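The sequence and model are shown first.

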Amino acid sequence: MNELFNRVQSMNPEDLFFSWDVKTGTLSGTEIICFAVLAAAGLLLCLLGLKIIRVWSAVLGFSAGFLAAALLLYQAGTGGMAALTAGVIAGIILAFLGAFFFRFGVFLTVFLSVSGIYVQVVQPKEYLSAGIGLAAALLLAVLAVRFIVALTIFATSVWGGIVAGASVYQLVPVQGRLISILFCATISVVGILVQLLLESRKRKRRNLEKAAEIRETHSTENEVEKARSLIADLDTVPGDDSGEAEEQDIEIIDLGVGEEDEEE
């Protein structure tokens, strides 16, 4: 366990991400599986970032909480097992918050995605540039709580496209900086378009359901008004008609009686 933490601690931050034009070389079976899994995860994030945002916030929250807590405690001199336990607890807490509190999940997902984009594109080597990137990621994450759709689609599509594109680049027998960038850019653009299409269909379905509900409500109200009008007519018309009929009968009877008296 201590050896694992030592390796992670001595790792160059750039090694945690993909380089645009650096090929790993001949891949082993394990490396092929890892890159294939990363490519699949990147594609899912790119295409379904907003649609299953709770899932991504849980996964990214657990990963970030685990790594942050474990590494910080290990660097502070805590034992490997204690640091590992603290990392698991922190990861579970962040995963729970991200999955069950929607806006916090959006904030967390956008923050981690933008941070990953910044590190991949800028590749900061100084604390100042890294701090600027974190500040920018924090600002966009705060704005994403208000502008959920636009910023979440952008962040997840671009970051997912970078992960998927760089992974595919490692798997295919081609080499070149432009090819790697082309893979990432193409997948990112496709992801943005697909997510916008899914969101448009979702809103259209909601509008149709709302319109149907409004029509049903108005139809029910109209039926109630018709029923009230019919009851009001039934209460007034029969009384008047019966009164007129009784007066007519009385007149006819009186006339008949008069004629018989005259004949006698």
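Is R203 buried, partly exposed or exposed? With a relative accessible area of 48%, R203 is partly exposed. The model is predicted, and every value below is computed from it.

## Overall architecture

The chain contains eight helices and zero strands. Read from the N terminus, its elements therefore follow the order α-α-α-α-α-α-α-α.

Of the 264 residues, 26% count as buried. The chain exposes about 17200 Å², and carbon and sulfur atoms supply 66% of that area. Among contacts with a separation of 6 or more, 76% are accounted for by residues 24 or more positions apart.

One salt bridge is found in a search of the whole structure. Its partners are R203 and E199, whose closest N and O atoms are 3.3 Å apart; the pair qualifies because the cut-off for such a nitrogen and a carboxyl oxygen is 4 Å.

Both residues belong to helix α8, which spans residues 177–263. They are four residues apart, about one turn of the helix.

## Packing of helices α2 and α7

Helix α2 covers residues 29–48 and helix α7 covers residues 148–171. The two pack with their axes 7 Å apart and at an angle of about 155°. Because angles over 145 degrees count as roughly antiparallel, α2 is roughly antiparallel to α7. The crossing of these helices is left-handed.

On the α2 side, the contact is made by I32, F35, A36, L38, A39, G42, L43, L45 and C46. Helix α7 contributes T156, S157, W159, G160, G161, V163, A164, S167, V168, Q170 and L171.

## L71 in helix α3

L71 is located in helix α3, which comprises residues 53–75.

Where does L71 stand relative to A83? The two residues are 12 residues apart along the chain, and their C-alpha atoms are separated by 7.2 Å.

Key:
Residues are numbered from 1 along each chain as its sequence is written. This is a predicted model: local features need pLDDT of at least 70, side-chain atom pairs count only at pLDDT 80 or more; totals for chains, interfaces and linings use all residues. Side-chain values use heavy atoms; hydrogens and water are left out. A salt bridge is a side-chain nitrogen of Lys or Arg within 4 Å of a carboxyl oxygen of Asp or Glu. Buried means under 20% relative accessible area, exposed over 50%, partly exposed in between (1.4 Å probe, protein chains only). Contact means heavy atoms within 4.5 Å. Accessible areas come from the Shrake-Rupley method with a 1.4 Å probe; for residues, only the protein chains shown count as cover. Axes are lines fitted to C-alpha atoms, for helices over the stretch in contact, and angles run from 0 to 180 degrees between N-to-C directions. Angles under 35 degrees count as roughly parallel, over 145 as roughly antiparallel, 65 to 115 as roughly perpendicular and the rest as oblique. A crossing is left-handed if the near helix is turned anticlockwise from the far one by less than a right angle, and right-handed if clockwise.
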